[in-house]
Amino acid sequence: MKKLILIFAMTTFGINCFAQNTVKPVYDAALAKKLGADQYGMKKYVLAFLKEGPTQLKDSAARMQLQMAHLKNITRLAAEGKLVVAGPFLDDQPIRGIFIFNVETLEEAKKLTETDPAIKAGSLVMELHPFYCSAALVEVVNIHSKLQSKSITD
């Protein structure tokens with residue numbers, strides 16, 4: 001009898017642990033429109049892989065100056081709403097990081113990449129791909145500004 005009660009208790013506990021909330025979130029048409037979402041809550045972006053370029057600066061001061069200019073360009077593009085995600089990879093590989101541009105075409109993204117000082121200097125090259133993802137990505141920059149206590153460009 002004790003085994004039966006134990007099995008019943010464990011089964012009940014297990015079911016409760018894995019139960020999911022089945023309440024469907026309320027659709028917000030105004031927010032979907034504001035963020036440019038389609039009927040699935042998705043939208044087009046352009047994903048960029050930032051790759052190591054042919055020109056690598058040996059002078060550490062010049063390299064740091066170029067990196068700061070690169071970061072300021074990222075900050076500017078994010079403030080303009082053109083860049084929703086940017087970040088480096090943390091391993092030592094030829095693909096150095098990613099950008100997700102809030103544009104629909106590769107041509108628009110290419111023009112934006114050409115504003116990056118690291119691209120101009122040849123220390124980075126970008127590989128661009130059409131990307132389909134949640135329209136909520138547009139909100140990342142706004143949320144991030146509330147999380148940072150210090151700017152990366154300070």
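**Pockets and sheet: a quick chat**

Guide: About 220 Å³ of space lies in the second largest pocket. Bear in mind that this is a predicted model.

Visitor: Okay, which residues lie nearest the centre of that second largest pocket?

Guide: Y27, D28, A32, A37 and G41 do, out of 16 residues that line the second largest pocket.

Visitor: And which helix gives the most to that lining?

Guide: That's α2, residues 29-35, which puts in three residues.

Visitor: How do the lining residues of the second largest pocket divide by class?

Guide: You get 10 nonpolar, three polar and three charged.

Visitor: Now the largest pocket. How much space lies in there?

Guide: About 1100 Å³. Its lining has 37 residues, and Q67, H70, L71, I74 and P88 are the ones nearest the centre.

Visitor: Which elements supply at least two residues each to that lining?

Guide: β1, α3, β2, β3 and α6 (140-147) each do. The largest share is from α3, with 11 residues.

Visitor: What about the classes in the lining of the largest pocket?

Guide: There, 21 residues are nonpolar, 12 are polar and four are charged.

Visitor: Switching topic: what's the strand order in the sheet?

Guide: It's an open sheet of four strands, ordered β2-β3-β1-β4, and the pairing is antiparallel. The edges are β2 (83-88) and β4 (124-134), each of which pairs on one side only. From one strand to the next, the twist averages 20 degrees.

Visitor: What holds paired strands together, in general?

Guide: Strands of a sheet pair through hydrogen bonds of the backbone, and the pairing can be parallel or antiparallel.

Visitor: Back to this one, then. How many bridges join β2 to β3?

Guide: Five, with β3 covering residues 95-101 and the two strands running antiparallel. If you want a spot to look at on screen, find G87, which stands opposite I98 in β3.

Visitor: Where does α3 lie relative to the strands?

Guide: Helix α3, residues 60-79, lies across β1 (42-52), β2, β3 and β4. Against β2, α3 runs at about 155 degrees. That's the helix with the largest share of the lining of the largest pocket, by the way.

Visitor: And α4, which strands does that helix lie across?

Guide: Helix α4 (residues 106-113) lies across β1, β3 and β4, and runs at about 135 degrees to β4.

Methods. Residues numbered from 1 in each chain as written. Predicted model: local features only at pLDDT ≥ 70, side-chain atom pairs only at ≥ 80, totals over all residues. Heavy atoms only, no water. Pairing = 2+ DSSP bridges. Axes fitted to C-alpha atoms, helices over the stretch in contact; angles between N-to-C directions. Contact = heavy atoms within 4.5 Å. 1 Å grid on protein atoms, 1.4 Å probe; cavity = no way out; pocket = protein on both sides within 12 Å on 5 of 7 lines; lining within 4 Å. Points joined across faces, edges and corners; volume = space filled by probe spheres on them. Nonpolar A, V, L, I, M, F, W, Y, C, P; charged D, E, K, R; others polar.
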